[in-house]
Amino acid sequence: MAAATVLPAVYLVLRASDAGLGDMLETVTAGRTMELLGRTALLAVTVTVASVALAVPLAWLTVRTDLPGRRAFVVLSALPLAIPSYVGGFAFVAALGPRGLVQGALAPLGVDELPSIYGFPGAWLVLTLFSYPYVLLTVRAALRRLDPSLEEASRTLGRGRRATFWRVVLPQLRPSIAAGGLLVALYTLSDFGAVSLLRFDSFTRAIFVQYRSSLDRSAAATLGLVLIALVLVVLAAEARSRGRVDYHRLHGGGARPAPVVRLGRGRWPAAVACAALVGLALVVPLWVIGYWLVRGVAAGEPVRLTGTLIGHSLAASALGAVVAVVAAWPVAVLSARHPGRLSRLVERASFTGYALPGVVVALSLVFFGARVVPAVYQTRTLLVFAYVVLFLPQAVGAIRGSLLQVNPSLEEASRLLGRSRAATTRAVVLPLVRPGVLAGLALVFLTCMKELPATLLLAPTGYDTLATQIWSATSEAFFGRAAAPALALVLLSALPMALLVIREADRGDRRLATDSATTTDEAPVTPEAPAMVATG
Amino acid sequence: MTRRSSIACLLLSITLLAAACGDGGEEAAQVEPATGSLTVYSGRSEELVRPLIEQFESESGIDVQVRYGDTAQMAGAILEEGDNSPADVYYGQDAGALGALSEEGRLQTLDQAVLDRVDAQFRSIDGQWVGVSGRARVAVYNTSALSEDDLPESILDFTDPRWGGGKIGWAPTNGSFQAFVTALRVSEGEDGARTWLEGIKANEPKVYDSNVPIVDAAGAGEIQVGFVNHYYLYRARAENPDFPAANHIFPNGDLGSLVNVAGVGIVDTAPHDEEAQRFVDFLLSEPAQQYFAAETFEIPLVDGVEPAADLPPLESLQQPDINLNELADLQGTLDLMTEVGLI
């Protein structure tokens, strides 16, 4: 299964070589290609940096402090992930465009036109707002399981709170920041919805133009290969920051949770800042969808929301999530327990599909599907397979993060006591990494729900989903008809994620309560819910 | 751990549900080439096409499976599927994708009798695809601010400073507008096209994302005139009969009123040739042509079918001397527009 994730790369090599080496080199070295590469890399770097800058303080505020409304913010701050970039990007254009809804509201005050949000600033803003939760989730999970005694030691030795954060806390968060940042960076490279709606000329957009103009597949494929090269650079950068450190505890007994930091006078400003972020990333898109819904219903537009649509979306996404997690298990075990050249190769290969634009992956599977396995072509089987190729790294990361926190000596003990490998996995490992498995399921489910290009190209004929229905209506500018499916899509895909985040926060809080009474005596080495530790 | 189990239960039940009702999807895909079925790959959206498909199904008794998608991506899918393509008919939004399929040898030559129903300028030179409905570029104008006489005979004249200061609205990122710019490059040369784009830009036009908001803005008097496809006005009028805007058609074969088409071709490997031909016939039949006129407000391409009231009849749209087959170089157009600083 992991090997299957390189199919898109194989396809790109086949297609690009149609053109001959000379043409390929010409495409690669063209000034425009280099410029695009630079712009795209710049976007990926700035979106990642901004996501980290947003997510780390947000994680700290929602885990460690007495922020007003903390429990609500814990959930709300993770949910922008459920908004597809083609909906979010559209909402931002509709709301903040030069003559958008906001300008309309301000018109009585004499505001004729808002400054343009198009180009780099808009693409940067939208991508940051809808992908920072990747970092937030990984960092929050890491923050929950930090051993506060290190921080206390630092304070005892005379360092201030701030210095302790920079010198002690932040270095420990580095792997989780890198893991979340990796998902953000690769997502930025592959995204088409936001860059096209906000008119930023990125690499994916160039690939789409190659298809749109005269269906130039060789040039598009060559550009795709350049994108893969860029991905390898990103992966190498992440690997450097990962290092060779053990993250599990050496002794039994969980770490005590850290005491709550009192924000004092900073409480309300911090809450306002969090509310502003949630307002931008969550309320703006929902407001615009609601506006179109009301307007559409008032104009008597048909509400295109049926049980079949919802059923198709849920079924394909749930299957995708389950199969992805099953396929991710061996990759994660290999990577966490047997680090080495082979496991690194397998893990990196699994990123190919994730970082390529969805349409490239989809066309590669059209190619292999129709030619090699016509029996499953245009069946849900192949669609689910496509989801796995696209989103495997999310599941691998979540499970791997959980596995790394389990002390391997537990498995060894189980084997020594006579349990077989399979029985050990079932009785010892699985229960301990359940949080990671659930996190992987929720994340892949959410991402499959909003996936568009592969669904359009690979689903069985007539297998409409919420995402394809939104696309169908918006492509003819019937925004009112797209609103109900869009709302359903966001709510349904957010649901498992919200449940998971609430559960995770509950556990943290409960520990805090027991801890203040007695010393912690929870079950030995129960890893804290690592949620999305996507140490890809 | 009720929450934990609730998540697990939720996912499990969804999966079981999926597995239980799963066969529906699989079956839909594996419709064998039985007689009386047809697979259409449509680059046109379901919103526009579905009623037409239903009409064909009930008239012919043929079961039609339609895959909807993006015009270029659906064509790309046929190319990648190779000989195993289940597609019988490709129905595309513009001439470019049809031309690309034909160039790769993936379309059959159509019957001359079918081709002859449509004027030569709206079909492929080698008879591999045929246009079924047309859309004209026009200038939509606010009828309180302007009258028909105020508007120039050529779109090239909008570079005049008299149109300066935000009177014009346009959508440089829109595909139809870009096709027009490609035509401009073919007809006036790169320099001519650049001069026009820069001239309009100097008049400080208002920039929109697509045709719909331009038509709204013209109605609201936010702009006096905008460059759009003709049919959006009719949608606005359907909502509000007193909508204060009208379409200006540029006379004498001016580029400003270029007509582009949506068209069909039969795939070379079509498993159901005969049904495919019947479908193409149907699209060029009177009922289908009337559907385009009345429901999508497009221009019927077959002689003798009148457009809906106050739509321009095809004869009145004297076509510029541009062949639709020549409009493939989108990359060149985007490069030029980037250079001028429009996109």
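Colleague: What distance separates the centres of domain 1 and domain 2 of chain B?
Modeller: 27 Å, taken over C-alpha atoms. Domain 1 of chain B is 34–134 + 260–314 and domain 2 is 135–258 + 324–340, with bounds from an automatic or database domain assignment. Bear in mind that this is a predicted model: local features need pLDDT of at least 70, side-chain atom pairs count only at pLDDT 80 or more, and totals for chains, interfaces and linings use all residues. Residues are numbered from 1 along each chain as its sequence is written, while chains are lettered from A and ligands numbered from 1 in the order in which they are written.

Colleague: OK, how many residues does each of those domains put into the contact?
Modeller: Domain 1 of chain B gives 14 and domain 2 of chain B gives 13, where contact means C-beta atoms, placed from the backbone, within 7 Å.

Colleague: And which element has the largest share on the domain 1 side?
Modeller: H5(B), with 3 residues.

Colleague: Switching topic, how many residues come from chain A and from chain B where they touch?
Modeller: 47 from chain A and 52 from chain B.

Colleague: Which helix leads on chain A's side?
Modeller: H14(A) supplies the largest share, 7 residues. Helices here are DSSP runs (H or I, at least four residues), numbered from the N terminus.

Colleague: Last one: what does B:Val140 touch?
Modeller: Leaving aside neighbours within four places in sequence, B:Val140 has contacts that include B:Ile214, B:Leu233 and B:Asn247.

Conventions
Two residues are in contact if their C-beta atoms, placed from the backbone, lie within 7 Å. Helices (H or I, at least four residues) and strands (E, at least two) are DSSP runs, numbered from the N terminus.
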